[in-house]
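Me: I am new to this structure and would like to go through it step by step. Could you show it to me, please?

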Amino acid sequence: MVLIITGGFMFATYVIMTTTKQSQQLTKVNDRLEHLACHDNLTGLPNRMFLLQQLERVLSQVHRKKSLAAIMFIDIDNFKSINDTFGHDFGDQCLKSLTKNMMSVLRGFDILGRLGGDEFLVLINEIESPNQTAIIAHKLLEILDTQYTVKNDTISISASIGVYILSDQTESSKEAIILADRAMYQAKESGKNRFVII
């Protein structure tokens, strides 16, 4: 009887431990899949899908609190020619480096994501005035205005930034992105390596 009880106890312990281990492994796999679905493979930044979800959240908060926030549409100047001249591997290394640089000047609760290619979006949460976004945009331009040396060539990189202020008058996230993109093109047409706020 004692042997049966002991054996049953040992078997039950084994089943519980095995089930717990499998459950933990399944949780890790699910977490990894969720991360992959929401993040860019190259930079590890939030991807377009995740950014749009977060923008909806920020816009909802702006409408509810009657507060201000902003989005920044960032495009790396002349990046296609860098890829064409030095190859996509070098271009990818540049994007990783630029991502790290941008993260270093953003506030902890702001969100930097990659829309694709050389386009990035920053969600600036809870600002007091548009001037606050100008300060952040200046910092981003300074950190993105950099040089790389490759095969004895020096490559200069800069960016153009379009800023759109989110308010309770902003109708949709789609409208906000279109207007930020339009501001970015205005920055490019004005000579690049600058920002425009609308």
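Me: How many aromatic pairs does the count come to?
Reply: This is a predicted model, and the count in it comes to two aromatic pairs. In one of them, the rings of Phe90 and Tyr148 have planes at 90 degrees and centres 6.3 Å apart, so the pair is edge-to-face.

Me: Which parts does that pair tie together?
Reply: Phe90 belongs to helix H4 and Tyr148 to strand S4 (residues 146-150), so the pair ties together parts that are 58 residues apart in sequence.

Me: Is Phe90 buried or exposed? And Tyr148, buried or exposed?
Reply: Phe90 has 15% relative accessibility and therefore counts as buried, the cut-off being under 20%. Tyr148 counts as buried because its relative accessibility is 15%.

Me: Which residues do the ring pairs link into a cluster?
Reply: The cluster consists of Phe86, Phe90 and Tyr148.

Me: Changing topic: in what order do the strands of the open sheet come?
Reply: Five strands form the open sheet, in the order S2-S3-S1-S6-S7, with mixed pairing. Strand S2 (111-116) and strand S7 (195-197) are the edge strands, each pairing on one side only. On average, neighbouring strands of this sheet are turned by 20 degrees against each other, direction ignored.

Me: In what sense do S1 and S3 pair?
Reply: Strand S1 (residues 68-76) pairs with strand S3 (residues 119-127) in the antiparallel sense, over seven bridges.

Me: Where does helix H4 lie?
Reply: Helix H4 (residues 88-105) lies across S1, S2 and S3, and runs at about 155 degrees to S2.

Methods
Residues are numbered from 1 along each chain as its sequence is written. This is a predicted model: local features need pLDDT of at least 70, side-chain atom pairs count only at pLDDT 80 or more; totals for chains, interfaces and linings use all residues. Side-chain values use heavy atoms; hydrogens and water are left out. Two strands pair if DSSP finds at least two bridges between them. Helices (H or I, at least four residues) and strands (E, at least two) are DSSP runs, numbered from the N terminus. Axes are lines fitted to C-alpha atoms, for helices over the stretch in contact, and angles run from 0 to 180 degrees between N-to-C directions. Contact means heavy atoms within 4.5 Å. Rings of Phe, Tyr and Trp (its six-membered ring) pair if their centres lie within 6.5 Å; planes under 30 degrees apart count as stacked, over 60 as edge-to-face and the rest as tilted. Buried means under 20% relative accessible area, exposed over 50%, partly exposed in between (1.4 Å probe, protein chains only).
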